[in-house]
Structures are given as structure tokens and as C-alpha cells.
Amino acid sequence: MTVRLMNPALTRTTARFALLPLLLALQSCSQAPLATPTAQPPVLAAKATPAAPDTAAIQLNQVGYLPGGSKWAVLRDVKAEFFTLVDAASGREVFRGPLGAAQHWEPAQEAVRLADFSALRAPGRYRLQVAGVPPSAPFVIAADAYTALNAAALKFFYFNRASIALDAAHAGTWERPEGHPDDHVLVHASAAGPGRPEGTVISAPKGWYDAGDYNKYIVNSGITVYTLLAAWEHYPAFFKAQNLNIPESGNGLPDVLDEALWNLEWMLAMQDPADGGVYHKLTDKGFDGIVMPHAARHDRYVVMKTTAATLDFAAAMAQASRVFAAFESQRPGLSARMLAASRRAWDWAQANPKVIYRQPADIHTGGYDDDKLDDEFNWAAAELYITTHDDRFWQAMRAPAAKPEVPGWATVEALAWVSLAQHRATLGPKADRPLIEGHILALANDIVTRWERSPYRVGMRTQDFIWGSNAVALNQALMLIQGYRLDGDRRKLDAAQAALDFVLGRHPTGYAMVTGFGTRSPLHPHHRPSGAMPQLPPVPGMIVGGPHPGRGDDCKAPYPSQAPAKAYLDDLCSYTTNEIAINWNAPLVYVSAALSALTPAP
């Protein structure tokens with residue numbers, strides 16, 4: 001979470017880049033066996049020219065579609081009555097269908113028409129055409145359409161590591177020196193306690209830079225680590241074959257777990273050994289300028305212990321304990337250490353149930369302050385119940401709302417029910433399975449109903465275009481997928497696919513919102529390493545926040561539109577729409593893996 005300290009003069013001079021730099025960083029970052037060249041999303045290699053497709057005229061998933069998945073495109077209102085799909089190389093027509101009636105979609109403040117070509121399942125490279133409209137960008141239909149995307153989205157976390165030099169062998173073009181060793185961190189006055197008075201020096205290395213800034217926050221790390229570990233728990237076969245080409249690749253742990261462990265080990269260092277409470281964040285006193293990590297050399301502090309941070313820590317550690325229990329030979333004692341840390345954190349939160357984060361006067365970085373804690377208590381209790389089988393944790397869960405909200409860093413109730421549903425077959429007799437399933441299905445059914453009624457065929461409403469709206473869409477997809485896993489209702493899978501389509505180019509802005517992917521993707525994300533290397537394309541695989549009409553940034557350039565679904569600016573200064581964040585990338589990893597694993601083959 002970043003604010004201020006922009007450098008409007010710092011812009012990227014290159015308009016579009018070829019595929020080579022991306023391949024340097026993603027070498028070996030695909031499922032084994034490697035995809036054939038024709039199966040790779042060819043739009044990755046596209047270079048913008050004056051004749052580049054108008055990606056806003058026909059809006060579709062610029063990365064591609066799965067053969068057995070739903071496939072939709074959106075156009076603004078046109079006079080034509082049908083659309084065609086042609087082979088991108090030969091121009092031969094392969095599919096023809098009627099355009100849907102024009103309907104007004106309020107978030108974009110315009111009338112749109114739908115083109116449904118779900119019936120086309122043959123792998124290939126295509127364009128969509130409509131009379132009177134420029135042809136679409138090329139796209140693929142392929143069984144491995146999201147393989148490279150998933151690998152890049154996950155490898156983003158490697159690129160955002162603290163306390164390590166990124167070498168050319170693993171980072172390619174984006175190699176950089178080590179930044180923030182975090183082995184000399186000061187205890188802030190707000191965090192002082194017995195045994196650790198103000199000014200005490202502690203060591204808390206590793207972890208991920210949270211977003212566009214260089215600070216590390218437990219609350220946001222909690223949901224991020226959870227989502228990556230859940231992806232592993234739900235789809236282990238998908239990740240077992242993956243080689244991200246990170247330094248730990250080949251060490252006996254799946255790469256997704258190695259990457260999660262980089263952050264979990266930092267989190268463990270954020271627990272006060274005296275009492276089990278967890279510091280809210282490790283931070284500078286203010287945000288750094290647009291510099292590389294090694295050039296940011298301010299004092300670092302751990303700030304305040306809070307109930308939210310401690311409960312998020314307890315939940316993530318309980319989950320991680322059961323995941324790493326299967327890898328005892330690779331990491332002896334780690335699972336037990338994590339569970340012990342989780343229990344101590346739980347005990348601290350029971351004794352300190354309402355310690356809300358309040359920003360100290362001399363600290364000016366992200367707050368992640370949350371004063372509604374029932375959801376954190378429920379999530380921590382659920383994870384501890386699943387891992388320990390101790391009925392006291394089930395009984396500790398507080399009466400939930402009628403249905404959980406779409407998950408976010410401040411709304412984690414749904415994570416409890418997702419985990420309980422995943423492990424429902426092994427829960428004790430006191431667990432209420434119909435209640436567990438009912439909470440997930442209530443939320444999933446609500447989203448799928450909105451999707452069915454939406455003129456744009458997406459679950460997003462005007463009020464969903466908040467800071468990080470792209471992650472709202474992806475977390476909606478995550479919950480739709482949980483519903484599909486419970487009841488097999490194909491509408492939920494199709495609605496989840498629609499959410500992924502939305503962030504990959506079937507979007508009113510015409511952008512595929514992930515750096516390095518699609519015909520038109522962000523070139524100027526609010527991400528300090530990318531901003532400090534303007535001669536290079538941005539680090540690949542990062543999803544930006546997306547449209548947010550609230551603005552609030554320092555950009556002098558006007559936004560192209562103030563319509564909620566279009567209020568987006570691809571500029572370094574736009575931290576309200578173009579920042580990146582670990583908790584936004586995690587559901588991109590989850591959803592792209594889930595759809596790849598769950599979508600039935602034709």
C-alpha cells in the first residue's frame with residue numbers, strides 16, 4: 001500500500017517490448033513438459049505498431065481461452081447482427097454467431113453487446129471480426145493457455161523478495177543487488193515491551209515487499225500466503241510439475257511452497273518471543289522515492305503489536321503447519337514450530353482481543369488498520385481446528401454474518417469457510433458441514449446471479465470498483481470456484497472464467513491488466529523497481545489494481561474516463577489504479593491454476 005512521493009518526470013521511454021526479456025526471466029517457468037510454441041499465448045510476443053489492434057473496440061481475453069471453457073467478447077453497441085471468428089494466419093472463417101442485444105452496463109456507462117463463442121473448442125489462434133469494427137487482437141484457444149501466465153504471476157513474488165540479490169540466472173533482465181537485509185531492525189516505541197524496550201535491535205529478514213513500496217505488513221501477508229497455500233492444497237498436481245527457476249528449485253519442495261516459505265520465515269521473526277504477540281509491520285518511517293531496493297537505506301522499525309496482525313499470523317501459521325507436515329524430511333521441525341507459533345499467537349489474541357492498529361505520529365506508511373475482528377478470530381480458529389482437530393477451536397468460532405463477504409485483507413471470514421470446506425471430510429463430529437457448505441454457496445450463488453444478469457457478463461458492480469478492483473474480480477472468481485467444487489454448478493465455473501477474462505482484456509479499458517501479457521498491458525505500474533529501471537519493460541506477471549474512480553493520487557495527467565469501470569491510468573504516479581500488491585497477485589495465481597485444473601476438456 002503506497003501513497004505520495006511520486007516522481008512524475010520518471011517515465012518509461014519504450015512503448016512496447018518484444019518477448020525476449022520475458023523469456024529470460026521465465027526460463028523454465030512453465031509446466032513440464034514445456035508448451036509447444038503454437039500453444040503459448042502468442043500475444044506475449046506482440047509489438048505495438050501504428051496498426052496495432054484497437055483492444056477497446058472488441059474486448060476479449062487477450063491471453064486466451066481453454067478449449068472446454070466459456071468464451072465471451074464484448075463490443076460497444078454496433079449496427080451489425082452477427083460476429084465471425086477467423087483463423088489468425090489464413091483469415092479463414094471458422095465460427096459465426098449472433099450478437100446479443102445492446103444493454104446498458106452502468107459501471108462503464110455505455111451500452112454493450114455480447115458475443116458468445118463458447119462452442120468453438122478447437123485449439124488455434126484466432127481473431128474476432130464484426131462488420132464496421134476493427135478486428136480484435138489475436139488470441140489463442142489452448143489447453144495450456146494459462147501456463148505461462150500462472151508461472152509469471154507466481155514468479156512475481158520472487159522478483160518482490162527482500163533481503164536477497166536477484167541474479168541473472170534467475171531474474172534475467174531484472175537482476176538487481178540485495179536490498180533491505182533487515183538484520184538490524186529497531187523496535188519502535190509503539191512496539192516496546194518486556195525484554196524489548198524501544199530501540200532494541202532485532203533481525204527479521206526475508207519476506208516480500210508488500211506492493212509498490214518496500215515495507216512488509218503482516219495483515220496483507222496473511223491473506224497472501226493463505227491464498228498461495230490454498231492453491232497448493234487444492235491443486236497439488238498442477239504445481240508439482242512447475243519449475244519457476246528460482247534459487248530453491250529442485251530442493252525437494254514444490255516451488256510454490258518454497259516461495260511461500262520465503263515470506264513465512266519473515267513472519268515467524270515478527271512474533272515477540274516474550275508473549276506471542278505479532279508486530280503489525282516492518283517499515284521505514286516514510287515511503288521511499290522511486291529507487292532500487294539497495295538504494296533505499298533508511299532505518300527500519302517493527303511497529304506495534306495488534307490483534308488483527310496476530311490473528312492473521314495465527315491462521316497462516318496453522319495452515320502452513322499442516323501443509324509443511326508432509327515435508328518433514330525436507331524441513332525437519334518446521335511444521336511443529338509453525339503450529340507452536342500459531343498457538344502462542346492465538347493465546348495472545350485471546351488476552352488482547354481489541355488492540356487496533358493506530359498509526360504512530362512519526363510513521364507514515366501503509367496502515368492496514370482493521371477494527372472489525374470477528375472475521376480474524378473465526379479464520380484463526382478454523383485453521384487451528386482443521387490442523388489440531390481440537391473441538392475447542394470450532395466452539396471458539398463466533399456467530400458469522402448471514403454470508404461471508406468476498407475476501408480481502410480486511411474481510412477474511414470467507415477464508416475460514418473455504419478451508420473448512422476443503423477439509424470437511426476429516427473434521428470432527430461437532431463440525432456443522434451443512435453450515436460450512438451453506439456459507440460458501442450463499443456467496444457463490446449471489447455472485448453467479450449477478451453474473452447472469454450483467455450486460456457485461458461479469459459479477460462486478462459499480463461499488464466493486466474500489467482500490468484494487470481487479471483483485472475484487474479475482475476474489476469473486478475464487479469464491480465462485482469454491483461453490484463449483486461443492487455443487488458442480490457449471491454456471492459458477494463459467495462466471496469465474498468471466499472474472500479472469502475481465503482482468504486479461506475483456507475489460508472496458510481495453511487493457512489486459514497483467515504486465516507482460518496480452519496485446520495491451522500496463523507499461524508504467526506503480527512499482528518502485530520497475531519505475532527505477534525505465535529503460536526496461538516492467539517486471540512481468542504483476543496485476544495492477546485497476547479502475548478506481550476515487551482517484552486521490554498525484555497524477556497531473558487526466559484519466560481517460562471517470563466511469564467506474566474505466567477510471568484507470570497506466571502511469572507510475574497512479575498508485576490508486578496502477579499499483580501492484582502481493583495480495584492482488586495471489587488470487588491471480590489461484591484462479592489461473594484452478595481454471596486450468598477444473599475446466600473439463602471438450
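Reader: How many aromatic pairs does a search of the whole structure find?
Author: The model is predicted: local features need pLDDT of at least 70, side-chain atom pairs count only at pLDDT 80 or more, and totals for chains, interfaces and linings use all residues. Numbering starts from 1 along each chain as its sequence is written, and side-chain values use heavy atoms, leaving out hydrogens and water. Rings of Phe, Tyr and Trp (its six-membered ring) pair if their centres lie within 6.5 Å, with planes under 30 degrees apart called stacked, over 60 edge-to-face and the rest tilted. The search of the whole structure finds 26 aromatic pairs.

Reader: What kind of aromatic pair do tryptophan 105 and phenylalanine 465 form?
Author: The two rings are 6.3 Å apart, centre to centre. Their planes stand at 75 degrees, and the pair is edge-to-face.

Reader: How many residues apart are tryptophan 105 and phenylalanine 465?
Author: Helices (H or I, at least four residues) and strands (E, at least two) are DSSP runs, numbered from the N terminus. Tryptophan 105 is in strand 5 (residues 103-105), and phenylalanine 465 is in the loop between helix 12 (433-453) and helix 13 (469-487). The pair thus links distant parts of the chain, 360 residues apart.

Reader: Is phenylalanine 465 buried or exposed?
Author: Buried means under 20% relative accessible area, exposed over 50%, and partly exposed in between (1.4 Å probe, protein chains only). Phenylalanine 465 has 3% relative accessibility, so it counts as buried.

Reader: How are helix 7 and helix 8 oriented to each other?
Author: Axes are lines fitted to C-alpha atoms, for helices over the stretch in contact, and angles run from 0 to 180 degrees between N-to-C directions. Helix 7 (residues 307-324) and helix 8 pack at about 155 degrees, with axes 8 Å apart. Angles under 35 degrees count as roughly parallel, over 145 as roughly antiparallel, 65 to 115 as roughly perpendicular and the rest as oblique. Helix 7 and helix 8 are therefore roughly antiparallel.

Reader: How is helix 6 oriented to helix 8?
Author: Helix 6 (residues 255-269) and helix 8 (residues 334-351) pack at about 45 degrees, with axes 11 Å apart. That angle makes helix 6 oblique to helix 8.

Reader: Which residues does arginine 491 touch, not counting residues up to four places away in sequence?
Author: Arginine 491 is in helix 14 (residues 490-503) and is partly exposed, with a relative accessible area of 32%. Contact means heavy atoms within 4.5 Å. With residues up to four places away in sequence left out, arginine 491 touches Val448, Trp451 and Glu452.
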